[in-house]
Amino acid sequence: MLNNSENIGKLPASLNGLTGVRAIMLRSLIQIVRRPIYWFGFFLMPLFMFLFITSMLSKGLPTRIPSSIIDKDGTSLSREITQSLGGMQMVDLKYTSNSFTEARHLMQEGKIYGFFLIPENFESDLLAGRKPAITFYTNMTYFVPGTMLFKSFKSTAVFAKAGIAMNIVQTAGANAESLAPLLQPINIQGRGIGNPTLNYAVYLGNSFIPCTLQLMILLMTCFSLGQEMKYHTSRRLMNMAGGSIVKALFGKLLPQTVIWMVIAFFMTSWLYRYNHFPMNGSWFWMLLSEFMFVLACQGFAVFIISVLPNLRLSLSVSALLGILSFSIAAFSFPVESMYGGMAIFSYIVPIRYNFLIYIDQALNGIHIYYSRIWFVAYIIFMLLPFTMLWRLKKEMENPVYVP
């Protein structure tokens, strides 16, 4: 442990004895340069996630999802339904299964995400008025492809029913033009506001990528401060700051803040310039949001390690909150529909307010007046550590590492 302590807190011999904020900043920079884990946390992991998420969603919407068809009827009508299903954009009928068991095994092995079952005697039962059932199964463990297949399967079943009803009535001598309003009395037109092309990347990329950045800021901030207490180098840090916890934190975290700012601004350019995601508002407010978002995440991380001045515990809590933010920040499920107790947790993480500002400014382009409360929330996160600095100062001056 002594060797690790020396490596973490030691300055070059020519800089020994220096004190003040500049010396602490230089010490922090040397730590970042010397330790590979900082390179991974500050640069490699965030940039990898930026590239991975945007490349994964480069087509905008998942298409040609592997699926299977079970045609137990084998008539012209069932073949027509199969042809219609295979022609849909979302469906790729890679397999033709002979039984339910065979299709289920394919889905359990991950080769398909759903299958469509046309029962025996389907056409004859239908013409006899016995109401045969078309069944389809989707694997909702994989939510996005499962939902897409469910929508396509349901549309195929509904359209097949309407088409068959129209053919039967036409055979009886009815006019097709007069029959259409009866089959579909209400004509539905869907218009996607803010994301008219229904591009998944526009929605998921602008929520998951900042959430990944929040996770890394929480982890790296708690790690850098927790290492100081774990290896008892926090005393040296406090001596360099003249006993001031504010100076110690400012000098320690400022180089990290600059790095995170550069990463956040690169993220903004990557999303809106390179990938051409909608930017209907002001660049200034979006960049200000990212600037304050970084400070809010750092403030939240300092608060966590002040409450839990232990490297292992603070990292565990940061990881837990960072991972849960992907769901509790209401990216995929609205806060209004959550249980009351769960909805509260949506507002205790900075990414929630980053997401709301993104919707207001980038997607909807509304006046900044309507987003003012979300910027105030950023400020609250920045001030939050000051409520517990006394505890952090006590622990850094007298570090006691508990494994």
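Predicted model: local features only at pLDDT ≥ 70, side-chain atom pairs only at ≥ 80, totals over all residues.
**Exercise 1. The sheet**

How many bridges join strand S1 to strand S3, and do these strands run parallel or antiparallel?

*Solution.* 
Step 1. Strand S1 covers residues 65-71 and strand S3 covers residues 114-118; four bridges join them, and the two run parallel. Across this pair, serine 68 is found opposite phenylalanine 115 of S3.

Step 2. The open sheet consists of four strands in the order S2-S1-S3-S4, with mixed pairing. Its edges are formed by strand S2 (91-96) and strand S4 (135-138), each of which pairs on one side only. On average, neighbouring strands of the sheet are turned by 25 degrees against each other, direction ignored.

Step 3. Packed on this sheet is helix H5 (residues 100-108), which touches S1, S2, S3 and S4. The direction of H5 makes about 170 degrees with that of S3.

**Exercise 2. Helix H9**

*Solution.* 

Step 1. A residue is buried when its relative accessible area is under 20%. For the chain as a whole, 44% of the 403 residues count as buried.

Step 2. After H9 comes histidine 232, which has a positive phi, near 65 degrees.

**Exercise 3. A helix pair**

Describe the packing of helix H12 against helix H16 by axis distance, crossing angle and handedness.

*Solution.* 
Step 1. Two packed helices are described by the angle between their axes and the distance between the axes. The axes of H12 (residues 283-307) and H16 (residues 372-383) come within 7 Å and cross at roughly 30 degrees.

Step 2. Angles under 35 degrees count as roughly parallel; H12 and H16 are therefore roughly parallel to each other. Their crossing is left-handed.

Step 3. On the H12 side, the residues in contact include Trp285, Leu288, Met292, Phe293 and Phe300. H16 contributes Phe375, Tyr378, Ile379, Phe381 and Met382.

**Exercise 4. The whole chain**

How many helices and strands does the chain contain, and what share of its contacts with a separation of 6 or more joins residues 24 or more positions apart?

*Solution.* 
Step 1. The chain has 17 helices and four strands.

Step 2. Among contacts with a separation of 6 or more, 76% are between residues 24 or more positions apart.

How values were computed:
Residues numbered from 1 in each chain as written. Heavy atoms only, no water. Pairing = 2+ DSSP bridges. Axes fitted to C-alpha atoms, helices over the stretch in contact; angles between N-to-C directions. Contact = heavy atoms within 4.5 Å. Parallel < 35°, antiparallel > 145°, perpendicular 65-115°, else oblique. Left-handed = near helix turned anticlockwise from the far one by under 90°. Buried < 20%, exposed > 50% of the residue type's maximum accessible area, 1.4 Å probe, protein only.
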